[in-house]
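Visitor: Hi, I'm new to this one. Could you walk me through it?

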Amino acid sequence: PRPILLTRHGESRDNVRGRIGGDTVLSDAGEIYAKKLANFVEKRLKSERTASIWTSTLQRTILTASPIAAFPKIQWRALDEINAGVCDGMTYEEIKKNMPEEYEARKKDKLRYRYPRGESYLDVIQRLEPVIIELERQRAPVVVISHQAVLRALYAYFADRPLKEIPHIEMPLHTIIEIQMGVTGVQEKRYKLMD
Ligand code: F6P
C-alpha cells in the first residue's frame, strides 16, 4: 500500500491575525513547521523510489513545501483554499459585524452557503474531482499540502465521511494525516509535529 500524506500549510501571517483567504507568507512558527515537515517526509518516504509533492498555487503552501528537496513538486489551482469572495481578507468577527446576514446564512448551512462572488463547500468538492482522480491513479506516494476547507473535503472522500459533516471536520495546523489505501480498506495515522 502506498501512503497519501495530507497537511495544511504551516501557520501563515493571516492565520495569526485571524484573517481568512489572502495570500500571505508563513509566520515564524509556520516556517519551523515547513522544516519539520521536510524532515518527516524525507524520513517517511526514504525507501520510495518516487513520490510527489502537490501544493496549491498560494504562497503559503509553496513555502511550506520549499524545504523538501527529495521529490518533485506540482502546483494545482484546484488545491487553492475556498474562495471567500467579498469576505476575502476579513476576520469572522468583521463578517459578523459588517455582513450579519451572510454570517448567519453560512452558520445555518455551511455546506451549501456560497460567499458572494466566491465559493461554497459544494463548489470546492466539485472542483476537487480531477485531483481525486489523479490521486487514485498515482502508484507512488503523494504529499498534499493544501488548506483547511480543501483538506476537509479530500479527507472526507478517503475516510468516507458524509457530505454534511465536511465543513465541520477538525483539520488542525501542523499535523500530518497519513492515509494508507490497502486491500483491507483505508487506514489512517496522525502525526502532530508541533503545538
Ligand atoms: O482560516 C484559515 C482558512 O483556511 C481560511 O482561509 C478559510 O476561509 C477557512 O480556513 C475555511 O474554514 P471555514 O470553512 O471553517 O471558515
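Guide: One term to begin with: a residue is buried if 20 or more other C-beta atoms lie within 10 Å of its own, exposed if 12 or fewer, and partly exposed in between, with C-beta atoms placed from the backbone. This is a predicted model, where local features need pLDDT of at least 70, side-chain atom pairs count only at pLDDT 80 or more, and totals for chains, interfaces and linings use all residues. Residues are numbered from 1 along each chain as its sequence is written.

Visitor: Okay, so is histidine 174 buried or exposed?
Guide: Histidine 174 counts as buried because it has 20 C-beta neighbours inside 10 Å. Its phi is near 60°, a positive value in a residue other than glycine.

Visitor: And where is histidine 174?
Guide: Histidine 174 sits in the loop between α8 and β5. Those labels are DSSP runs numbered from the N terminus: helices (H or I, at least four residues) and strands (E, at least two).

Visitor: What about aspartate 160, buried or exposed?
Guide: Aspartate 160 is exposed, as there are 8 other C-beta atoms within 10 Å. Aspartate 160 also lies in the loop between α8 and β5, and its phi is positive too, near 55°.

Visitor: Which residues is isoleucine 166 in contact with?
Guide: Apart from neighbours within four places in sequence, isoleucine 166 contacts Leu111, Tyr121, Arg152, Ala153, Ala156 and Arg161. Contact here means that the C-beta atoms, placed from the backbone, lie within 7 Å. Isoleucine 166 belongs to the loop between α8 and β5, and it counts as buried because it has 21 C-beta neighbours inside 10 Å.

Visitor: Let's switch to the strands. What order do they have in the sheet?
Guide: The open sheet of 6 strands runs β3-β2-β4-β1-β5-β6, with mixed pairing. The edges are β3 (73-75) and β6 (185-192), each pairing on one side only. Two strands pair if DSSP finds at least two bridges between them.

Visitor: How many bridges link β1 and β4?
Guide: There are 5 bridges between β1 and β4, in the parallel sense, and arginine 8 stands opposite serine 146 in β4. On β2, the pairing with β4 is parallel over 4 bridges, and serine 52 stands opposite valine 142 in β4.

Visitor: Why is β4 largely enclosed by the rest of the structure?
Guide: Because 5 of the 5 residues of β4 are buried. Val142, Val144 and Ser146 cover one side, Val143 and Ile145 the other.

Visitor: Which members of the largest nonpolar core touch the most others?
Guide: Leu6, Val143, Val144 and Ala153 do, out of 40 residues in that core. The largest share, 6 residues, comes from α8. A nonpolar core is a set of buried Ala, Val, Leu, Ile, Met, Phe, Trp, Tyr and Cys residues joined through C-beta atoms within 7 Å.

Visitor: And what does valine 143 contact?
Guide: Leaving out neighbours within four places in sequence, valine 143 is in contact with Leu5, Val41, Ala51, Ile53 and Trp54.

Visitor: Last topic: which residues surround the ligand?
Guide: They are Asn15, Ile20, Gly21, Glu81, Ile82, Ala84, His147, Gln148, Ala149 and Pro167. To be near it, a residue needs its C-beta atom, placed from the backbone, within 6 Å.

Terms used
Two residues are in contact if their C-beta atoms, placed from the backbone, lie within 7 Å.
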